Amino acid sequence: MKIIYSDAHQGHAGAMELRRETFVPMAECPERMAAILAALAGAGFDDTLAPDTFGLEEAGRIHDPDFLRFLETAYPMWLERHGPGTTAFARTFGMRGMAQKPRMDNVDAMLSAYTFDIFAPIVAGTWTAIRSALDVALTGASLIQAGAPSVFSLCRPPGHHASGDLAGGYCYLNNAAIAAQNFLDRGASRVAILDIDYHHGNGTQRIFYDRDDVLFVSLHGRPEEEYPFLLGYADETGHGAGEGFNLNLPMPPGTRIDTYMTAMETAAARIAAFAPDVLVLSLGVDTFDGDPVGGFCLQTPDYLRLGQAVAKLGLPTHFVMEGGYSVAALGQNVSNVLTGYLQR
Ligand SMILES: [Zn+2]
């Protein structure tokens, strides 16, 4: 299996996040990628490829043009307004009763309108990293379109919390959604996205919620207890033409592999009934027991079973990296998903 990867994400670093009552280094850090690459090399995945360079056309099929302009210009605008050595953050959000479209000459207004939480900091290297993740995702998609049975796009930053014009939850562009749309634009009739990150893929759900050409299935910590709290419930099944094409399978804190695999079977049955041309797998391993931002109890060997279950679908599979923050275990967990997939 080819691994698509670029070092260009590394400048998206040094941002802090608020956890409980104190600022700590952001869990979504460059060291995650080094850990994954090391484990993959140890497991014999040595076919690593640098991405091709794409423009913003494909991203523009999912994301609002002003939102893309915001992501590109926010940091230089922030520097000009607030001085060097700082991280760009929103201080207000465009909630009910407030303007939903910002003035594009005011970076604070843009941050308020185009981010939905305090987990989308923008530093000097953020835009380069965002562009690189986009290239990594689209290169993976083009390899599958050329006939590869499976590819792993090792994207950073992740994407599944980002919607058409909102960044948040460490996510800026929705890499998996852009890949899914690209498959459709290049001739696929139906694409399924299976999101196994611990957190609900609220961005992906929102993007495809009223469509029947993309089935979105998500296994995640239930929003009664877990981020993003306002989306991810089982009764969100799609809207209009998309009714029945959104399947949320929320699970309680402490969920272990047996319960998880039951949900996987439900997901697999729905995906099989949809009969997609291709599967995009939003691969998060923050379901791991001990992940600093997760709440499930999956163990490292369990990820072999997840990979096997994905393989059982018998579909061309585009793995797109999402979350997973226990740096010590992250690499082996990811490697196990891919190994399990190839074992079948
Ligand atoms: Zn997550």
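In strand β10, T317, F319 and M321 point one way and H318 and V320 the other, and all are buried (buried means under 20% relative accessible area, exposed over 50%, partly exposed in between, with a 1.4 Å probe and protein chains only). The model is predicted: local features need pLDDT of at least 70, side-chain atom pairs count only at pLDDT 80 or more, and totals for chains, interfaces and linings use all residues. Residues are numbered from 1 along each chain as its sequence is written, and side-chain values use heavy atoms, with hydrogens and water left out.

**Strand β10 and its partners**

- β10 covers residues 317-321 and is mostly covered, with 5 of its 5 residues buried; helices (H or I, at least four residues) and strands (E, at least two) are DSSP runs, numbered from the N terminus.
- β5 (residues 150-153) pairs with β10 in the parallel sense over 4 bridges, where pairing requires that DSSP finds at least two bridges between two strands.
- β9 (residues 278-283) also runs parallel to β10, and 5 bridges join these strands.
- H318 of β10 is the bridge partner of V151, and H318 is likewise the bridge partner of V280.
- β9, helix α8 (residues 302-311) and β10 form a right-handed β-α-β unit; right-handed means that, with the strands pointing away from the viewer, the path from the first strand over the helix to the second runs clockwise.

**Zinc site**

- The zinc ion has D197 (OD), H199 (ND1) and D286 (OD) as its protein donors, at 2.0 to 2.1 Å.
- Donors are N, O and S atoms within 2.8 Å of the metal (3.2 Å for Na, K and Ca); water is not among the atoms, so sites may look incomplete.
- The spacing of the donor residues in sequence is D-x1-H-x86-D.
- Because H199 lies in the loop between β6 (191-195) and α6 (202-208) and D286 in the loop between β9 and α8, the pair ties together parts that are 87 residues apart in sequence.
- H199 counts as buried because its relative accessibility is 7%, and D286 counts as buried at 0%.

**H200**

- H200 is located in the loop between β6 and α6.
- With 0% relative accessibility, H200 counts as buried.
- The side chains of H200 and Q205 are joined by a polar contact of 2.8 Å; a polar contact is a pair of N or O atoms within 3.5 Å, and within protein one must be able to donate a hydrogen and the other to accept it, while residues adjacent in sequence count only if both atoms are side-chain atoms.
- Leaving aside residues up to four places away in sequence, H200 touches residues including H160, H161, F216, Y227, E236 and N248, contact meaning heavy atoms within 4.5 Å.
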